[in-house]
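Student: Please take one part of this model and look at it closely: the pairing of charged side chains. I would like one connected account that starts there and then places it in the rest of the chain.

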Amino acid sequence: MHGEHLRGHVINERVKFWFAKAGLVGDGRPITSHGLRAGAATDLAAANASAVTIRKAGRWKEGSRIPEEAYVRPAEDMRFDPFADVPVHDPERRNE
């Protein structure tokens, strides 16, 4: 049925909107929904997940090298965390 799925450009616009709304500043690379996919792949790699696990999580084809070659960011990129200053709801924390 027509209209049941969001198109890629709409998702990218939403990601850009919420990134800016949160007051985040990028490192010069474009802000896109692919950044969310790369972030997840990078986090899995940093947690020593296997290549198979990363491929399954990102829904890449069996044997694909795309996650390792394009989506898992190098360790030096891990120094910059644009989400570090985003407040996170903590129900255990009392208002101070």
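Tutor: Start with Arg 55 and Glu 62, whose side chains meet in a salt bridge, with N and O 3.4 Å apart. The term salt bridge stands for a side-chain nitrogen of Lys or Arg within 4 Å of a carboxyl oxygen of Asp or Glu. In general, side chains of opposite charge can pair when their charged atoms come close.

A word on the source: this is a predicted model, in which local features need pLDDT of at least 70 and side-chain atom pairs count only at pLDDT 80 or more, while totals for chains, interfaces and linings use all residues. Residues are numbered from 1 along each chain as its sequence is written, and side-chain values use heavy atoms, with hydrogens and water left out.

A search of the whole structure gives three salt bridges. Another of them joins the side chains of Arg 65 and Glu 69, at 3.5 Å from N to O. Here Arg 65 is partly exposed, because its relative accessibility is 49%; Glu 69, at 61%, counts as exposed.

Glu 13 and Lys 16 also form a salt bridge, and their closest N and O atoms are 3.9 Å apart. Both residues sit in helix H1, three residues apart, which is about one turn of the helix. An α-helix has 3.6 residues a turn, so residues three or four places apart point the same way. Glu 13 is partly exposed at 45% relative accessibility, and Lys 16 is also partly exposed, at 38%.

Now for the chain around these bridges. Its secondary structure consists of four helices and zero strands, where helices (H or I, at least four residues) and strands (E, at least two) are DSSP runs numbered from the N terminus. Of the 96 residues, 16% are buried.

Helix H2 covers residues 33-46, which is 14 residues. The expected span of a helix is 1.5 Å times one less than its number of residues. For H2 that gives 20 Å, and the C-alpha atoms at its ends are 20 Å apart, which agrees. Ser 33, Ala 38, Ala 41 and Thr 42 are buried in this helix. The buried residues of H2 pack against helix H1 (8-21), helix H3 (51-58) and helix H4 (66-71); contact here means heavy atoms within 4.5 Å. Just after H2, Asn 48 has a positive phi of about 65 degrees.

Aromatic rings pair as well, and the structure holds two such pairs. The rule is that rings of Phe, Tyr and Trp (its six-membered ring) pair if their centres lie within 6.5 Å; planes under 30 degrees apart are stacked, over 60 edge-to-face, and the rest tilted. Phe 17 and Trp 18 have ring centres 4.9 Å apart and planes at 80 degrees, so this pair is edge-to-face. Phe 17 is partly exposed at 34% relative accessible area, and Trp 18 is exposed at 53%. The rings of Trp 60 and Tyr 71 have centres 5.0 Å apart and planes at 55 degrees, so that pair is tilted. Trp 60 lies in the loop between H3 and H4 and Tyr 71 lies in helix H4, so the pair ties together parts 11 residues apart in sequence. Both Trp 60 and Tyr 71 are buried.

Two places outside the helices remain. Leu 6 belongs to the segment before H1 and is exposed, with a relative accessible area of 61%. In the segment after H4 lies Pro 87, which is exposed at 73%. Pro 87 is 65 residues from Ala 22 in sequence, yet their C-alpha atoms are 9.1 Å apart in space.

Notes. Buried means under 20% relative accessible area, exposed over 50%, partly exposed in between (1.4 Å probe, protein chains only).
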